[in-house]
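Me: Got a model open here. Can you walk me through it?

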Amino acid sequence: MNLLQSSFPLTPAPFREVAAAAGLAETEVMARTKRLLDERIIREITPIFDTTALGYQSMLVAAKVDPVNPHRAATVVNEHPGVSHNYLRDNAFNLWFTVAVAPDSKLGLDGTLDVLQEAAGAESMRQLPTITMFKINMNLEMEGGTEALAASAESVRPLPREPVPIDADDIALIRALQGPMEVRSDAYAPAAEELGISVEELLDHCEEMVERKLLRRVAAILFHRRAGFSANGMGVWKVPEDRIMELGPRMAAVRGVSHCYQRPTYPDWPYSVFTMAHGRSKEECDAILDGVAAVAGAGEDDRAILYSSTEFKKIRLLYFTPDYAEWEARHS
């Protein structure tokens with residue numbers, strides 16, 4: 001799972017390369033992968049495209065919804081095809097979701113959130129777009145213990161957040177390749193066949209998309225809880241604006257932090273840096289976030305930790321599909 005999460009090779013026989021790195025036979029690696037998929041420990045092996053680079057607008061949203069029956073609001077929010085994550089968290093802002101809208105959206109992000117707020121009966125919503133991305137790397141460390149997860153690694157450079165020009169061939173490849181990949185020796189062959197090109201041509205195009213920052217990688221995505229990571233804590237931090245670019249990369253470098261962003265603040269939300277920690281227990285998440293506090297020099301009053309109590313939705317987004325326009329046609 002560590003190897004599959006890091007990067008599924010862009011080669012004609014990717015499982016053969018994983019097998020060589022693992023010191024196993026290719027057939028054994030494929031059998032293990034299929035078992036982990038069947039047992040819902042691995043969610044899927046899939047390409048991971050950069051939403052912003054593709055021209056989609058997206059953001060994290062915090063909403064105050066009915067605490068007695070938050071499931072109703074969550075169901076309404078989940079109907080939008082651009083909602084990839086939706087969690088109930090232990091805060092007055094209790095519903096946290098990420099939403100993306102297509103480049104040709106008529107409603108746009110603001111209009112979409114207006115519809116969702118009214119339909120969900122949310123008392124208020126706070127828009128929390130990414131100002132600076134310091135880290136996004138959802139690799140769960142399957143071998144190291146708490147000490148490894150809480151340790152600080154090399155500082156991380158902020159990542160760019162800009163759309164990249166794309167053409168019809170890029171969109172065709174994305175449509176053919178996105179979604180769960182089959183467990184087969186020639187795993188890229190079905191997408192190549194759909195496009196009417198050779199596997200080598202498809203992989204060359206993929207490598208080019210990596211260079212253009214459209215494709216981050218192809219990798220296995222795990223079901224966190226079934227893989228043993230039963231807790232996730234969102235650490236939010238009061239970081240002085242003049243120190244965010246100094247401290248953000250250090251906070252992101254803690255091994256157990258999967259995501260680290262700078263986001264806007266509000267009078268009722270003073271936290272400017274967000275770090276997501278995944279652990280095998282709440283105590284392990286706390287240790288990871290203590291590691292973040294240590295590198296940031298943050299005190300107890302400088303942070304809050306929001307734990308998720310319910311996962312309402314978690315999917316990989318599908319791009320350039322008709323679902324977005326169909327949702328807007330029903331709600332605009």
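**Strands, cavities, cysteines**

Reply: Strands E1 (residues 42-49) and E7 run antiparallel, joined by seven bridges. Strands are DSSP runs (E, at least two residues), numbered from the N terminus, and two of them pair if DSSP finds at least two bridges between them. This is a predicted model: local features need pLDDT of at least 70, side-chain atom pairs count only at pLDDT 80 or more, and totals for chains, interfaces and linings use all residues. Residues are numbered from 1 along each chain as its sequence is written, and side-chain values use heavy atoms, with hydrogens and water left out.

Me: What does Ile 42 bridge to in E7?

Reply: Leu 222.

Me: How many of the residues of E7 are buried?

Reply: Seven of the eight in E7 (residues 215-222). Buried means under 20% relative accessible area with a 1.4 Å probe, protein chains only.

Me: Switching topic. How much space lies in the largest cavity?

Reply: About 940 Å³. A cavity is a set of points on a 1 Å grid over the protein atoms alone where a 1.4 Å probe fits but cannot get out; volume is the space filled by probe spheres set on the points.

Me: Which residues lie nearest its centre?

Reply: His 85, Thr 98, Ile 136, His 259 and Tyr 261, out of 43 lining residues (an atom within 4 Å of a point). Strand E4 (residues 95-101) gives the most, five.

Me: And cysteines: how many disulfides?

Reply: Zero, taking a disulfide as a pair of cysteine sulfur atoms within 2.5 Å. For Cys 285, the nearest cysteine sulfur is that of Cys 260, 15 Å away.

Me: Is Cys 285 buried or exposed?

Reply: Buried, because its relative accessible area is 0%.

Notes: On a 1 Å grid over the protein atoms alone, a cavity is a set of points where a 1.4 Å probe fits but cannot get out, and a pocket is an open set with protein on both sides within 12 Å along at least five of seven lines; lining residues have an atom within 4 Å of a point. Helices (H or I, at least four residues) and strands (E, at least two) are DSSP runs, numbered from the N terminus. Buried means under 20% relative accessible area, exposed over 50%, partly exposed in between (1.4 Å probe, protein chains only).
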